[in-house]
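Please consult the sequence and coordinates displayed below.

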Amino acid sequence: ASDVYKRQIEAWESAVECGMDPRVAMTRIGDACLSLNDLPGAEESYREALAKGYDKWAHLGLAKIHLRRNEKSRARDILAMLLEKEPNDTRVILLYQQVEK
């Protein structure tokens, strides 16, 4: 499975070189790093995506990283902000409920 995620990272990096929106690609790279449990790599990718503008998926990824690190208050802060912007998003709501347990 790890080879699949490593190939995904390479594919997204190539997509950026071919002109894809780097914000989207960096979010996807962050997702692949998260799947590999490479929390520093995932965090770096998500933060790079967010440096290029708002991205719900990058924020969700950061919240998941904080949960894995048992940093519930930091995850809660991100999810509370997302709930304001995305009040009907089921993924945001479910993750927020998970933090509140």
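The model is a predicted one, and seven salt bridges are counted in it.

**Arg 69 and Glu 43**
- A salt bridge joins the side chains of Arg 69 and Glu 43, with an N to O distance of 2.8 Å.
- This pair connects distant parts of the chain, 26 residues apart: Arg 69 belongs to the loop between helix H4 (56-68) and helix H5 (72-85), while Glu 43 belongs to helix H3 (residues 39-51).
- Glu 43 counts as buried because its relative accessibility is 17%, which is under the 20% limit.

**Arg 76 and Glu 100**
- The side chains of Arg 76 and Glu 100 form a salt bridge at 2.7 Å, N to O.
- Because Arg 76 sits in helix H5 and Glu 100 in helix H6 (residues 90-100), the pair ties together parts that lie 24 residues apart in sequence.
- Arg 76 is partly exposed at 28% relative accessibility, and Glu 100 is partly exposed with a relative accessible area of 42%.

**Arg 74 and Glu 71**
- Arg 74 and Glu 71 meet through their side chains in a salt bridge of 3.9 Å, N to O.
- Arg 74 counts as partly exposed at 42% relative accessibility, and Glu 71 is partly exposed with a relative accessible area of 24%.

**Salt-bridge network**
- A network of salt bridges links Asp 21, Arg 23 and Asp 55.

Methods: Residues numbered from 1 in each chain as written. Predicted model: local features only at pLDDT ≥ 70, side-chain atom pairs only at ≥ 80, totals over all residues. Heavy atoms only, no water. Salt bridge = Lys/Arg side-chain N within 4 Å of Asp/Glu carboxyl O. Helix = DSSP H or I, 4+ residues; strand = E, 2+ residues; numbered from the N terminus. Buried < 20%, exposed > 50% of the residue type's maximum accessible area, 1.4 Å probe, protein only.
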